[in-house]
2 protein chains.
Amino acid sequence: MKLKLPEITVYRLALYLRVLERLSREGRELVRSEELARLCGVSPAQLRKDLSFVGTFGVRGVGYQVRSLERELKRILGRDRIWHLALAGLNELGKALLAERRLQEKGFRFVAVFDWREEWIGKVIHEVYVYSLEQMPYLVKESEIEIGVITLAGEKAREMVQALSRSGIRAILNLGPEPLEAPRSDLIFRHADLTLSFDLVSFALSSGYGSVR
Amino acid sequence: MKLKLPEITVYRLALYLRVLERLSREGRELVRSEELARLCGVSPAQLRKDLSFVGTFGVRGVGYQVRSLERELKRILGRDRIWHLALAGLNELGKALLAERRLQEKGFRFVAVFDWREEWIGKVIHEVYVYSLEQMPYLVKESEIEIGVITLAGEKAREMVQALSRSGIRAILNLGPEPLEAPRSDLIFRHADLTLSFDLVSFALSSGYGSVR
DNA sequence: TGCTGTGAAAGTCTTCACAGCT
DNA sequence: AGCTGTGAAGACTTTCACAGCA
């Protein structure tokens, strides 16, 4: 339970799992570190070292069983269960997340949207009901919502962080364009901004950098 | 022009710029490394070291001029110009990107959508015209499109990579859920998958990890 | 005085290269 | 024979602590 691994390793384990899920769908039974690494854009040594942090899954001289490695990584990443999520504040990116079947399939299930605008409350977006902020504490508890997702920026984003925190949520994923300050240290708090990757591309293009990753 | 800095530093420079843009909007003139670092969730030494890779912008004993640091970082990141983008393949996430005013404001302008489905071709989504794949080589050249954005997965995603590459695009940003193989090494190629950050949160929750970043 | 810029030290991550097993 | 698992070496990144300057 108290597994301590580098954050970058966790990120890559999730990436390996993506590719394993695909190989598994395609019916592959066995994969070697060299191929899986190439598909993920990392070195074989990196892949084997990452796996060695969390267990020993391969067979020497043979490779890895796709299904069993997939199952083990799911367990390690906490992807062997259903998580209940709430979207705090509705915008286009938020709607895209609600519509994303792939997230549902992976066990990330949005069970509520919270918004402050009267005209949205009571509506149903991609099968998820929109509630007012007043209902948040009750619903977080009753629906066992553990992860709050924010796609907004600015003052509204900060209000949502406060509301989620006070409602007893366990984790907040900030997908908006600004870093926000964590309200409490016992709350898991991540910032992942899609739009930053546009800046990385623009830098690469204008600095004469080569291909990245 | 041949600036060689750690990728993680480029990422953080983009993050600093986000916060500077906000401070600038709020009318702040001066900021010290300690405050800017806190707002970005990094250490002051980190921030100063990152900046030292690309120049010297501060005044000792005083701090940084918000506007001039903002301008310098924009120049370094290639954000002092307009970039023309194409969306290759339309889905919910793609529509959300087209609608994202913040990207436009930052100089990332979608000028075309390409799709293989007859029923979409000729439509206009969030003011952007949908073209067929046949028109891609011509339009990439005529409209000076340098960055292709993909939000799809699977076989369609791989087809789009091929089509973009053959049309002479300079960079591809893969926002879909699977890593893809780069078609050529002279093409800038990035994978940034929002859905991976959900796995990181799920790991943090189930491993008893503390707050992250 | 006070905060930046930066060598040097500490810490972390990646790669190497081969032992260990099937 | 062949591929994984892993200590040890090497590369890279972060932090420290203070010189340098307004």
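This briefing covers the interface between chain A and chain B. The model is predicted. Chain A contributes 75 residues to the contact, and chain B contributes 74 residues. The two chains bury about 7,200 Å² between them.

**Buried area**
- Carbon and sulfur atoms give 66% of the area of about 7,200 Å² buried between chain A and chain B.
- On the chain A side, the residues that lose the most area to chain B are A:Phe198, A:Phe203 and A:Leu205.
- Together, A:Phe198, A:Phe203 and A:Leu205 make up 11% of what the chain A side buries.

**Polar and charged pairs**
- The rule finds 10 salt bridges across the interface of chain A and chain B.
- One salt bridge joins the side chains of A:Asp193 and B:Arg18, at 3.4 Å from N to O.

**Make-up of the chain A side**
- Helix α9 of chain A (residues 194–207) supplies the largest share of the side that touches chain B, with 14 residues.
- By class, the side of chain A that touches chain B holds 44 nonpolar, 12 polar and 19 charged residues.

**Symmetry**
- Chain A superposes on chain B by a rotation of 180°, with 0.0 Å of shift along the axis and an RMSD of 0.0 Å.
- That is the relation of a two-fold axis.
- The same surface serves both copies, as 99% of the contact residues of chain A recur in chain B.

Note on methods. Residues are numbered from 1 along each chain as its sequence is written. Chains are lettered from A and ligands numbered from 1 in the order in which they are written. This is a predicted model: local features need pLDDT of at least 70, side-chain atom pairs count only at pLDDT 80 or more; totals for chains, interfaces and linings use all residues. Side-chain values use heavy atoms; hydrogens and water are left out. Contact means heavy atoms within 4.5 Å. Buried area is the accessible area (1.4 Å probe) that two parts lose on being put together, summed over both. A salt bridge is a side-chain nitrogen of Lys or Arg within 4 Å of a carboxyl oxygen of Asp or Glu. Helices (H or I, at least four residues) and strands (E, at least two) are DSSP runs, numbered from the N terminus. Ala, Val, Leu, Ile, Met, Phe, Trp, Tyr, Cys and Pro count as nonpolar, Asp, Glu, Lys and Arg as charged, and the others, Gly among them, as polar. Copies are superposed by least squares on the C-alpha atoms of residues with pLDDT of at least 70 in both.
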